[in-house]
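Please keep the structure open and find each residue as you go.

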Amino acid sequence: MRESDYVGLWNACLEIIKDNVPEQAYKTWFLPIKPLKYEDDTLVVQVPSQFFYEFLEEKFVDLLRKTLYKVIGEGTKLMYNVMVDKTSQATVNLVSTSRTIIPQKKVQNTNIPQTPIVAELDPHLNTEYNFDTFIEGNSNKLARSVAVSIADNPAKTIFNPVFFHGTSGVGKTHLVNAIGIKIKEKHPDVRVLYVSAHLFQVQYTDSVRNNTTNDFINFYQSVDVLIIDDIQEFAGVTKTQNTFFHIFNHLRQNGKQLILTSDRAPILLQGMEERLITRFKWGMVAELEKPTVELRRNILRSKIHRDGLQFSDEIIDYIAENVNDSIRDLEGVVISMMAHATIYNEGISLSLAKRIVKKISNSEKKNITIDEIIAVVCHHFSLDVSTIQTKSRKREVVQARQLAMYLSKLYTDCTNAKIGTLIGGKDHATVMHACKMVKELQEVDKGFRAELEELQQQLAKKQG
């Protein structure tokens, strides 16, 4: 194949990748990649270092595989040409792993067998998320103790179901994976499955489209330990909730373990059927709080040690004291520092840590939730948060509700149906009408436009 051909293929891949990762990640991890050749259904790309290769395989292997399938076709292989000595330009070829948590297109009905029970089941667990790498502190002590008890005796403790909740990045996904991994170690024959609520919903939708819903339900009812991550994603999708309700009941009645995570406590879940919320509270509800400074230090030390790095106490203290939103952010700083040191041949220093931390705090905006939008709007108009959820037709309530819907459409990726469900229990047509009214009013009403601008300024502050 001519050079222009494989270069063109890789450029086409980059166009897709660029739309699916943050800009900084794209510049750091994908722009330095150089395509070398395409032959025997294998695309060979060069990466700057072993660390670079390992990071791509850990974080982006699924995105790379999906992109290659889309651009070149199914069955396309990926091989890395890794630079091991820049002075002598020595390289080694490493084949991309076959690990993937995203089902292949050629497999019909994602993860759903055509028969009710299969001999083997891929649990889709991340082996790096185990109890050894989960650092304990006061903010997660209770949750970790509960998790260990479940891992030792799945479905035989009072913690069934268990519902872990906490803000993004506090370690929920890590903890539930650790439970699954420990169970598989102690009981290899136990059927464990980790799945995100989003993937569960996609699978259910596919089963409805393909008229295989019974296979879908039979498959999930055959699981011994079901781990559903980010259960709040079920909000507003009634049919998915109804199907999960029956799966939940079947598993619990048959002595199976249910493990759920959410970004909020059950009582705060909006758009969720009451009968599900009641069941979420049957067993144990445990919160993972934001890590303390001391826990953040310990997490950093653990990661640095595992990666074979050396950071001074001064650097560790600086990162721990200035990055306090989530564990994910802490690890992101370490990875970014290592990437800079590798790519730019720069030493690990306090000044580098300060630059990385400053860049992350300035460039990463927090995601605004519908709950936060409702709170800002209600506070602005001196309304109780619960008022906006009522059927009140008072002018000020209607206007606040319409503004909340408009801003939710503007600041989130939620569908009209989901926005309507979470704001007053309305349908998608009501949300469309609200957005239309807000757009028209801001064009003709100067006072209303000023109110809207002030609300947007308040939300911008929340984003950071």
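**Notes on the model**

1. Ala155 has a relative accessible area of 24%, so this residue counts as partly exposed. Keep in mind that the model is predicted. Ala155 sits in the loop between H5 and E5. Its phi is near 70 degrees, which is a positive value in a residue other than glycine. Most residues other than glycine have a negative phi.

2. Stay in that loop. Asn160 also lies there, between helix H5 (141–152) and strand E5 (162–165). Is Asn160 buried or exposed? Its relative accessibility is 8%, and the cut-off for buried is under 20%. Asn160 is therefore buried.

3. What does Asn160 touch, once residues up to four places away in sequence are set aside? The partners are Ala155, Arg252, Lys256, Gln257, Leu258 and Gly283. Take Gly283 from that set. Along the chain, Asn160 and Gly283 are 123 residues apart.

4. Now look at the next bond. The peptide bond that joins Asn160 and Pro161 is cis, with omega at about 5 degrees. Most peptide bonds are trans. Pro161 belongs to the loop between H5 and E5.

5. Asp40 has a positive phi as well, near 55 degrees, and is not a glycine. This residue is in the loop between strand E1 (34–39) and E2. Asp40 counts as exposed because its relative accessibility is 68%, where exposed means over 50%.

6. Compare Thr42, which lies in strand E2. Thr42 has 13% relative accessibility, so this residue counts as buried. Leaving aside neighbours within four places in sequence, Thr42 is in contact with Lys37, Lys77 and Met79.

7. Next, the nonpolar cores. How many residues does the largest one have? The count is 29. Trp10, Trp29, Phe30, Leu56, Phe60 and Tyr80 have the most contacts inside this core. Several elements give two or more residues to the core: helix H1 (3–18), helix H2 (23–29), strand E2 (42–47), helix H3 (50–59), helix H4 (61–71), strand E3 (77–85) and H13. H1 gives the largest share, six residues. In soluble globular proteins, nonpolar side chains tend to be buried together.

8. Trace the contacts of Trp10. Not counting residues up to four places away in sequence, Trp10 touches Ile17, Phe30, Ile33, Pro35, Leu43, Val45 and Leu64. Another core, of 28 residues, lies apart from the largest one. Its members include Ile368, Ile374, Val431 and Ala434.

9. Last, a helix pair. The axes of helix H12 (residues 313–322) and helix H13 (residues 327–343) come within 10 Å. They cross at roughly 135 degrees, so H12 and H13 are oblique to each other. The crossing of H12 past H13 is right-handed.

10. Which residues meet in this pair? H12 brings Ile315, Ile319 and Ala320, and H13 brings Leu330, Val333 and Met337. By class, the contact has six nonpolar residues, with no polar and no charged ones.

Key
Residues are numbered from 1 along each chain as its sequence is written. This is a predicted model: local features need pLDDT of at least 70, side-chain atom pairs count only at pLDDT 80 or more; totals for chains, interfaces and linings use all residues. Side-chain values use heavy atoms; hydrogens and water are left out. Axes are lines fitted to C-alpha atoms, for helices over the stretch in contact, and angles run from 0 to 180 degrees between N-to-C directions. Helices (H or I, at least four residues) and strands (E, at least two) are DSSP runs, numbered from the N terminus. Angles under 35 degrees count as roughly parallel, over 145 as roughly antiparallel, 65 to 115 as roughly perpendicular and the rest as oblique. A crossing is left-handed if the near helix is turned anticlockwise from the far one by less than a right angle, and right-handed if clockwise. Contact means heavy atoms within 4.5 Å. Ala, Val, Leu, Ile, Met, Phe, Trp, Tyr, Cys and Pro count as nonpolar, Asp, Glu, Lys and Arg as charged, and the others, Gly among them, as polar. A nonpolar core is a set of buried Ala, Val, Leu, Ile, Met, Phe, Trp, Tyr and Cys residues joined through side-chain atoms within 4.5 Å. Buried means under 20% relative accessible area, exposed over 50%, partly exposed in between (1.4 Å probe, protein chains only).
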